[in-house]
Amino acid sequence: MRNLIKIAVRNLFRYNRRTLLTSSLIAFGVVLVIVFGGLAISFKTQMVGVITNTALGDLQIHKKGYVESIDNLPLNLSLSESEYAAVEQVLREMPEVEAYSPRIKFGAMISNYAQTSNIRLSAIRPEMEQKTVTDLVKRIKNDSAESGAFLRPGEIVVPENLMKGLGLNIGDEIVLIATNKDGSVNGIPVRISGVIESVLGPMGKDGYIHITDAMALLRMDKAEIIEIAVKLKRFEELGNVYQTLKRSFDSAESVAEVHTWEELSPFSSVARIVDLLIIVVKFILISIVLVSILNIMTMSVFERVAEIGTIAAIGTPPGRILSMFLLEGFSMGLLSTAGGVLVGLGIIWLMNFTRINFRFGPMDVSLAPSIPASEVIVTMVIVMLVSLFASFHPAYKAARMEPVDALGHV
Amino acid sequence: MSLIHLQEVTKTYNTAGVPVAALKNLSLSIERQTFVSFIGPSGSGKSTLLNLIGTLDKPTGGKVLVDGVDVATLNRSDAAAFRGNTIGFVFQNFNLIPVLNVYENVEYPLLMLKHVPVKERRERILNLLDKVGMLDQKDKYPNQISGGQKQRVAVARALVTNPKIVLADEPTANLDHATAFKVISIMHEMQKTFGTTFVFSTHDPKIVGEAELIYTLEDGFIINNGRKEQNRSTR
């Protein structure tokens, strides 16, 4: 084997310029996959982080059927106190769960006594919300110095566009008017304690009030929870936790259902497009490797017909000739991918060093590209396998040559 | 039993749909440890005959027995193994592997035979390189040595597996006279030292005189054969 490798590598460097050109092309493909993959994964991770850590949480639990009519914010699809307690019990028993936050979501009218607009409200317990969507506070500009109390009973955090639209300022008093599930209308005055920049873009109209205020506004004796946002200790556990929760809510007597952030956020389709783009880039790489190796190996076989005849004549079995050419193609792939990986990782390191900052809609994104080791390994394995595959036909041709014909080749 | 036995062998090629007979009902036997030459003009069938003996090709008719084996019965892999163990080749164009140095070129056939231990392999190679006068050039690559030196390396490569037969197709065609004689004398010496049967083809009458047994071919037939002395007298 050692000798076969030696011959394969020496044959590669027999035509230095050609080998260098081909391996540069393959290495360029590898660099493309690594750098693009690093940037795309970093972008996706950042965006998902912003969405899950400032609004949605990693998972959400609702009453069955709620998500289908989520745009209407129905108040009748809520978890009763006992149902919420049962869900809470399940969450407490799961070691993967870091925190959870119950919410009452509803639509209301906001009035500054002169003008009125509509608002979508999340009524929360601030201390639980802050543990669940840890970056929410960072998006709120408020008058409270204490980060733990960004919202108190009697206060509201208003979305930025409503603040501007209604000409409101922090400290102003406004009135919230809402219809409860029985159809009766009620209103309460609240003070603006902060302004929030929406992660959902300039059209976002999401405000926050304390859960006790929502209960008063909606005339609830006991909190009827619409939504429970869940944060996991490790985001990578999302799939497993989702399946576990799904199984425990699957029974007929359970009234809850679970959804991942992907099922609730429109960004999930952007994330899927990013994944698709990474796959497309990998296909480009496969095409580059396939064409380059096939081309160089075919040339190599046709240039060395007499040599193949010689080695066959002096006793090299056809299988060994096949291995020799396969190894040559494989070595080409290995050397190119090693070079590509080094350059690609170098570029990623440089990008991390310089940092790329930009705004994506309302979100500040600071790209710190990084590529998981598994992605690098998958890229290397793809190149190596495609190199072997591309070498097979020329290698097979070489192995099938009749020595007498090959020796007579000029 | 003869080492090489050909019985009514014919070989016909199809050239653009036209059958061309290269060998016609050819029969001959070659004994062990002889130094045999085939002489004849271009197209007389010398190379075809050597290809058949070397199991590189199969006859259209008749039987070719080499060391008791009917070459027509061997498949590709068996033929390769048979060649590796029984036959050494020396080619007109030397056919050394350009990416291997002199030592590695001689070593190559041994690597195809798995049972040769490293130490023995090394001894055999160095001994042969010494015998063909190429020991001091063992680290050079084929493009760094002369034609005569290349052919000496080729002779060493052909002998390294201790084959029963060495087939040399026009081994001196690309060499000047002095070098050609040197190569032939090395082959002769090797034949005496190792008891190998040497079969070579040539169209050079001066070189052919070095053979013990000479066959003259013309249009696929043997038109003359005999021992060296006999042959010289008929010339």
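The dialogue below takes up the sheet and then the salt bridges.

Tutor: This is a predicted model, in which local features need pLDDT of at least 70, side-chain atom pairs count only at pLDDT 80 or more, and totals for chains, interfaces and linings use all residues. Residues are numbered from 1 along each chain as its sequence is written, chains are lettered from A and ligands numbered from 1 in the order in which they are written, and side-chain values use heavy atoms, without hydrogens and water.

Student: What is the strand order of the open sheet in chain B?

Tutor: In general, strands of a sheet pair through backbone hydrogen bonds, either parallel or antiparallel. Here the order is β2-β1-β4-β5 (chain B), with antiparallel pairing; strands are DSSP runs of E, at least two residues, and helices runs of H or I, at least four, numbered from the N terminus. Two strands pair if DSSP finds at least two bridges between them. In chain B, β2 (18-30) and β5 (69-70) each have a single partner strand, so one side of each lacks a neighbour in the sheet.

Student: How is A:Arg92 paired?

Tutor: Side chains of opposite charge can pair when their charged atoms come close. A salt bridge requires a side-chain nitrogen of Lys or Arg within 4 Å of a carboxyl oxygen of Asp or Glu. A:Arg92 forms one with A:Glu88, the closest N and O atoms being 3.4 Å apart. The two residues are 4 residues apart in helix α3 (residues 81-92) of chain A, so about one helical turn separates them.

Student: Is A:Glu88 buried or exposed?

Tutor: Buried means under 20% relative accessible area, exposed over 50%, and partly exposed in between (1.4 Å probe, protein chains only). A:Glu88 is buried at 14%, whereas A:Arg92 is exposed at 58%.
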